[in-house]
Each structure stands twice: as C-alpha cells, then as structure tokens.
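Work through the exercises below with the model open. Each task is followed by a stepwise solution.

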2 protein chains.
Amino acid sequence: MSKGITPRSEDYSKWYNELVVRADLAEHSAVRGCMVIKPYGFAIWEKMKEVLDARFKATGHQNAAFPLFIPKSFLSKEADHVEGFAKECAVVTHYRLKNAEDGSGVVVDPDAKLEEELIVRPTSETIIWNTFKTWIRSHRDLPLLINQWANVVRWEMRTRLFLRTAEFFWQEGHTAHATKEEAVAEAELMLKEYADFMENYLAIPVIKGYKTASERFAGADETYTTEGLMQDGKALQMGTSHFLGQNFAKAFDVKYQNANNEENYVWATSWGVSTRMMGALIMAHSDDKGLVLPPRLAPIQVVAVPIVNKKTIDRLDDIRAVFDKIQSGLGGDVRFKLDDDDSKRSGFKFAEYELRGVPVRLALGPRDLDNGTIEIARRDTLEKMVIPIDEAADKITALLAEIQQSIYDKALAHREAHTTKVDDFDTFKQVLDEKGGFILAHWDGTAETEEAIKKATKATIRCIPIDAIEEAGSCVFSGKPSNKRVLFARAY
Amino acid sequence: MSKGITPRSEDYSKWYNELVVRADLAEHSAVRGCMVIKPYGFAIWEKMKEVLDARFKATGHQNAAFPLFIPKSFLSKEADHVEGFAKECAVVTHYRLKNAEDGSGVVVDPDAKLEEELIVRPTSETIIWNTFKTWIRSHRDLPLLINQWANVVRWEMRTRLFLRTAEFFWQEGHTAHATKEEAVAEAELMLKEYADFMENYLAIPVIKGYKTASERFAGADETYTTEGLMQDGKALQMGTSHFLGQNFAKAFDVKYQNANNEENYVWATSWGVSTRMMGALIMAHSDDKGLVLPPRLAPIQVVAVPIVNKKTIDRLDDIRAVFDKIQSGLGGDVRFKLDDDDSKRSGFKFAEYELRGVPVRLALGPRDLDNGTIEIARRDTLEKMVIPIDEAADKITALLAEIQQSIYDKALAHREAHTTKVDDFDTFKQVLDEKGGFILAHWDGTAETEEAIKKATKATIRCIPIDAIEEAGSCVFSGKPSNKRVLFARAY
C-alpha cells in the first residue's frame, strides 16, 4: 500500500472520494457521471439486495422487469412527474450507426431516427402504470405488489460516486390498491421496512418522517423519508416511500371494479432505495484508516493472517490447522478468509484489511502457537486482545454481534450529540455553521419560509418527523405560530 | 380460464406466443421490441440466476457493474466488433427535454446535445476492457474473473418474447489471463458450466461445439456454443463462450508485466446466457395444455387443492391439516402452495396449474379423507395416482426427482430421433423439410459452401461438435473432402 487517505478533519469530501476508490468499492468510468462498481463494493451491494429482497418477498411483493425505455409521451402524462424529470434525462433518438463516408469511423445514421424519442428510465411509474392498466380489472386483482431491481439514469451535472451518479442501481416498488387507506398503509409499511434494514444492517439510525410539499417526489401526494446523519454533520436521504394517491391511475386510466360492480381509480405507492446507501454506509462509520463495515454486510467478516518469516515457515501448517479449527467452530455462515499469500508482509496485509473494513482480524505466529494464544483485533475500535486459542471461536462470534451493535450505538450517540433544539434564527445559523447536524425547530408550514431559510443557510427541511411531539411554538424564521418542530439540516 | 391455447400441431409459433402470455410469463410492452417479464416468468428467471450465480462464484468469478452506456468511439476500436453491433443499437444523443413552445408537451432540447453520442450497451467488451486497462498491471493481477448481470439492447427488427427482444437480460462474464492456454481453458470451462446447467436444471440436452468463422461473435477468435433442439425440430443457440484472443487487449492497450518484467498483451474470454433460455425452456418441454416446468426451476413445485363444496365445507380444516402434514414431511426446500381460494372451482384451478406447469398437483376431498388416500397428478405425463396419505411425502419427493429426469430423457429421446446422418444434398433438403432436427453431414470447411447451403435451405451450421468423430467423407454440398461431420439445422 502507498500513502494513507486524507484525514476526515482535513477534508471530509476528499477523504470520502479517496476512500471509495482506495478501498476498491467503485471508480469513475469513461462515461461522464457513470460509475464502475468494483467487485468488493458490489459484494456489499449484493448483500444489501439479498436482505431487502427477502424482506420484500416476506411482505408479499413479487419481482418483475419492465422496459429500460419510456416513450417520451408517457412522461408527459403526469404533469408534476414530467416537470420533475424532463430536465435531466438521457434521450434515445436513433437506432443505428453507419460507417462515415470519409472513413473516419461510425456516425449516427440519420435514416434511423425514431418516430418518438425514448427516455432511459429515470424511474418507472409511467411505463409500469401503462402496464398495470391491462393487469387490473377487478378488486380481485388488488392489491398488486410489484418490485423491480433496475438501473436508472438521471443526467446529474455534479456527480459523486454512489451519492449522485448519472446511472445508479436501485429497487423500485410499485403497488396498486383498492382503497386510500391500504395504499397509505403500504407506503408506511415499506418506510418501516427500510428503517429497520438501515438500523439493523447498515447500523445507521434514521429519522422517519414526511417530506414537505416542495420536497415531495414528482407525482406523489405524500413522500415518506428516512434521514441519516453523516459524521460531518450533514444529512443524507437514505430511502423514500411515496403515497401516489390516484395521480398515476388517472394519468393512465387504471380503474378496477369493486364487489358492487362500481368502477374506481386505484390507489398507488412507489418506494425505492439505491446504491446511494453505499455512500451512507461509508460516510456514517468509516475512519481515517479506511472502511468500518457492519459485520452483517461485510463481504469478509473475519480474516486470518499467519505471522511467519523464512525462519519460522515450517510452523505454517500448524498455524493453518489452528485457523481451520477456528473456522469450523464458527460454522458455515461466517464469511472467513485465510490470507496465506507469502508475497506480502503482514503489516501490509493489516493495513489493507483495515482499509477494507474487515470487522475481525486474527493473527497467529509461532510464539502464539507455543503459548496456545491468538491475537484478535477488531476494526471498529482498533482494539487488540490476546486470548486462548480454545476460546477464539466463541469470542469471534460474540465480537461480530458486539461490533454490529457498537457501530450502531456510536452512530446514534453522534446523532444525539448533533441534534439541537433551536428557537431563534441566529442560533439556528450558528449551530449550522459551528456544530452542524440536525436542528429541531418550529416552522410556520409555508413554502415561502422553507425557501427563505434554504436561501439564507443552505439548510433544508429534511422531514416532519412521524413521531414529532405536538407543542405550541413560533416559527424560527417568521415567528408565526407552529404546533411541532421539524427537522432541518444541510444535506447531501 | 377462457379457451385453450392453439395446439402445437396447428401452429407451433402461435402456440408459443400464446403460451408465453397466457402462462403469465411475459408480454409485449408499449416500447417496440421490449418485453415486460411478469412475476411468474421472472420467478423462473430468478431461479436460473441464483443457480448460475452460485456456479460462477464457485469457479472463482466475482460480480461487478459497468456502465449502461458506451461512448461511440469505443465501439469502433475493435473492427469486427463495431461491424457486428453498429447496425442495431440504441443511440443516446441528448440529455434533456424541454417544454415545447406551442405548449404541446415536451420536446428534445437541441441545446442539450451530447458531444459524443452514447450507445446503450449491446454487450460490454469495450467499456470493460477500457476499465481493465487500469486494473491490470502485473501477472499478480491475473487471472481477472469478472461477471455482470445486466440488461443489454440490440435493436432487432423482428422480435419475439424471450427469443429475440430489443432489450434483454443476461449475464456477461469477462476474464483476462496471462496465457492463451489459460484463456482457452476458461472459455471451455464456462461452456461446460453452461451445458451442465442446461442439462441438469433446464433439462435440455445440448450439443457443445465450435461456431464456424462466419458465425463467431464479433471480435472473437473462437466461439463455443451450446445448441438445443426444440420440439418443432428447430435448433436454438442457448449460450456462448468466446475466446477473444488478444483482440480487445490490443484495441484497448491492456498489457501486463510478467515475472521477468516483460510486457505482454493479456488474453481474454467473454461468455453469456440470457433470458433467451426462458424461450428454450418453454419450447423444449411444454405441451398443448401449457407449460411443463422442470421441478428444479419451477416457482411452485407442488400445489395442493382441497376438493370441497358447500355441503362438505366443514371438512376443509381436516383437509388443510393433512396438506400441512405433507408439507412438513417434504421439508422447507420444497416450494409448496396450498390453494384454498374458495372463489374458484377446482376444475378451473387444475387447468390453471397445468397451464403454469406446476410439476405435482395434490387433490384431497372428503372421500379421500375417509379412505386415508390422496390423489397425486404429475404435470409432465398428466398421470394421476391415488396413494395412502402416509406415503404422500415420500412419493412426492421421489416424483420431483423423477419428473426432472423424465423431462430430460424425453427431450433427449426427441433429439436422438431427430438427429440424422446425411450424405447427399437431396436427402439433406428432404430431411430438413420432412423431419427437421439436427443433421450431421460432411462440410468442406469453406464459408462459400456454408453460405450456399444456407441460401438453398435456410439451414446453418449450428456448430462443429467438440466430440465430433474423425472420419473421412465428402462435403454434402461440394463433394470436396472433409474429415468430420458438422451439425446443421434450421434455427431460431
């Protein structure tokens, strides 16, 4: 390994960018704004997908696949929706290349122009609701609970690996219901599933809440969100769930017949989480030495490094045997790696596995063998301990659970220490600039005030927390009356 | 359920198209040539992915993700490659829409024209080799064994669900090696993995072989293929594995330093199977009543239907209890569904599960209960048997294995009955027209003869079988000498 990563204290943004690349998670591609997710990063994303997919299925959802392309006219059918997405989309206009007449290579064949342009999906509500139209006839067809794992494209001008890329990977749930109540319950259920996943797997505590009207998804009646807090005191929107009302049903004329043979428009939700969660995972826990991964999502949970040199190489087989025994003791579910590559020094390996965030590292040399002990290091606190070999498997099992919890606790303590109740605008600005984090403050409920605060401070209303306490107060900006505090922060 | 499907004997092609839609596997979307894969069809594809993904990982491959878009200039870097793909690709030329001035909706914003057009990937060799260039420095970085599950787009003019669609889903393996021998071994290994999967899961026997030069992948030095035979006597190419030589390494300047510090171009393979396998699965086994699915890929392996009416509804709980006990006896790995929906008649259900290809169907009514017996029906042969309830679990377990084998045996027998050795061109044409299937015939090895046969008969050389026996003969068309028979057929 060459030099270290820029410390967070020096330049948090640079630290993040370097870490993503150095830890082999992702890199920029030759296509502006599109990333390459490298095998190590993809293994973490696959783990996330696996857990989420099982949860979606357990709650009755089925996977399907819808086209990558959306006819331009479809986007226009829901007024807010097209307004939200038309300005940043990849447009397919032709379907053929041909050899340039001057022999300089291939050019677009002007004779192969599409009659109607196709948009690379930025999200799939329109193409899916056009399909649902033929799938839904009667109340017996409802609820229709569909999910899709897909790539989508939004032509962002400023991109950052995982956090904001032109192409990204996500799942999008799209459901149809007979009643408003059922649709709202679905949107709330998926919000809860997301929050549980984020807390129990990503080890990131999140605030569940409603977006204000101006921050809603384009075409939604209500957008629910999960907001996490990163180490630099900025918020990150980690997943959203939308109650779409009858907006798309009306735009695509999707009605069902109820038990009394009456026709009604159906009610809809959509919900999604994306590779953006990779960015959250990195920023919430990692340190100046590299990634800190929660054990439940770590591609390698335990790495075992034999410590031998030329003189002690004859002990290698004994060391391997001890590691094998420990691995057996852990059982097949623990992702264990033995690194006995003799072309790299152990110090180099230690640094590499710290960079990659492997939760538990074992080191075993001839002296340990003689003593019947082994060194165990945990990545999150960098603590080392030497314990009897016989106790290793139990200790590691306990440690994996402990690290998962400890990372979460640390992130929660950080959030609590960086959540401030504020009652006047000077303090509001001061807290934002000096301390950062979440601010709980009263707001008068108007888009004008929201916009004015954003302009003055770059802070936005992240959400109106679902569990906000009713209390009389006055807006931190306008002084007008308010009955609950909302959550402000500067955000990614 | 409404009327049945068109019988195969009447119109095989229509039978296929109707079956795909009626069995809820897939349907055409509003976007020309792009399909919607419906939940039931997607569940089969997911099962295929799960098995293949585990095999790829077991053979040392890692998943990653590369951009959807390929800069136009990249395609041009490998001469054969661009020739093969330029004529049928979706081209992104703009990145923004805007409101039309006449208020008629949105139009492409001419100010948002890309400097260089982007191609929606038809396959990813070029973008991946451009990335490998920075990943590969030394022999220590090799072999590099990468796979990607992705959607790709080829602008086909005539499309058919699963078999040939503009957008389709696949995996594409891309590997880099230090030596030619290693790369060839990799291409052959993956061919073998594909063939094993097709025979053991899809239950379709395949012929492994080499493509002729004119049928090779654009940019390959050798293309290996697996060819299956459908019930109508036409061949289907089910998966290919390519030895790419140093073609892409040279086009993208990818070299590695060997142990002696010498620089060499690396050697490459790529290999892929796609949703086309869904088409093969359907066409190889299904009948006029619907799908016949091999148990290993069936989303539902066993369906249990209680037979009660208004008079006997009080026995329903006892029937459910028996089904529960049978399900327990089968263990958690068997995909079991109890259908106790009382809004549908059992005759309707039987037809529906036959249409969907559920391998084993259980039916249990009051009289069976009294007798301690149960009716078991197998989908492949449509046989029914009545056996003691206590023996049901064991019988079903045995039956699932038996059906898997039996479907394969039937497909193999069909292939053997439809593989004909032919030594003169009149017989060649006659066999093609009257019997169909594979023809093993001598060929003089020239592209001219290959083309002439194709023109005259629409039959192509599917492959030169890997295990072709060396024997002296004369070309079925030109009479020139040949040393082995090759495999001809009309194909999808």
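**Exercise 1.** Find the residue that stands opposite A:His94 in strand 5 of chain B.

Solution. Step 1: A:His94 faces B:Val91 in strand 5 of chain B. Strands here are DSSP runs of E with at least two residues, helices are runs of H or I with at least four, and both are numbered from the N terminus. A:Val91 has B:His94 as its bridge partner in strand 5 of chain B. Strand 5 (residues 91-94) of chain A pairs with strand 5 (residues 91-94) of chain B, antiparallel, over 3 bridges. Pairing requires at least two DSSP bridges between the strands.

This is a predicted model, in which local features need pLDDT of at least 70 and side-chain atom pairs pLDDT 80 or more, while totals for chains, interfaces and linings use all residues. Residues are numbered from 1 along each chain as its sequence is written, and chains are lettered from A and ligands numbered from 1 in the order in which they are written.

**Exercise 2.** Follow the sheet onward within chain B: which residue is the bridge partner of B:Val91 in strand 8?

Solution. Step 1: strand 5 of chain B is joined to strand 8 (residues 113-120) of chain B by 3 bridges, and the two run antiparallel. Step 2: in strand 8, the partner of B:Val91 is B:Ile119.

**Exercise 3.** Determine the relation between chain A and chain B.

Solution. Step 1: superpose by least squares on C-alpha atoms of residues with pLDDT of at least 70 in both copies. Step 3: locate the axis. In chain B, B:Val92 comes closest to the rotation axis, with its C-alpha at 2.1 Å.

**Exercise 4.** Describe the side of chain B that touches chain A.

Solution. Step 1: 52 residues of chain B are in contact with 52 residues of chain A. Contact means C-beta atoms, placed from the backbone, within 7 Å. Step 2: strand 5 of chain B gives the largest share of its side, 4 residues. Step 3: sort by class. The side of chain B has 32 nonpolar, 11 polar and 9 charged residues. Ala, Val, Leu, Ile, Met, Phe, Trp, Tyr, Cys and Pro count as nonpolar, Asp, Glu, Lys and Arg as charged, and the others, Gly among them, as polar. Step 4: 100% of the interface residues of chain B are also interface residues in chain A, so the copies meet through the same surface.

**Exercise 5.** Which residues have the most contacts inside the largest nonpolar core?

Solution. Step 1: define the core as buried Ala, Val, Leu, Ile, Met, Phe, Trp, Tyr and Cys residues joined through C-beta atoms within 7 Å. Buried means 20 or more other C-beta atoms within 10 Å of the residue's own, with C-beta atoms placed from the backbone; exposed means 12 or fewer, and partly exposed lies in between. Step 2: the largest core has 298 residues, and A:Cys89, A:Leu362, B:Cys89 and B:Leu362 have the most contacts inside it. Step 3: helix 6 (residues 180-202) of chain B supplies the largest share, 10 residues. Step 4: inspect A:Cys89. Not counting residues up to four places away in sequence, A:Cys89 touches residues including A:Val153, A:Trp155, B:Tyr95 and B:Leu97.

How values were computed: Contact = placed C-beta atoms within 7 Å.
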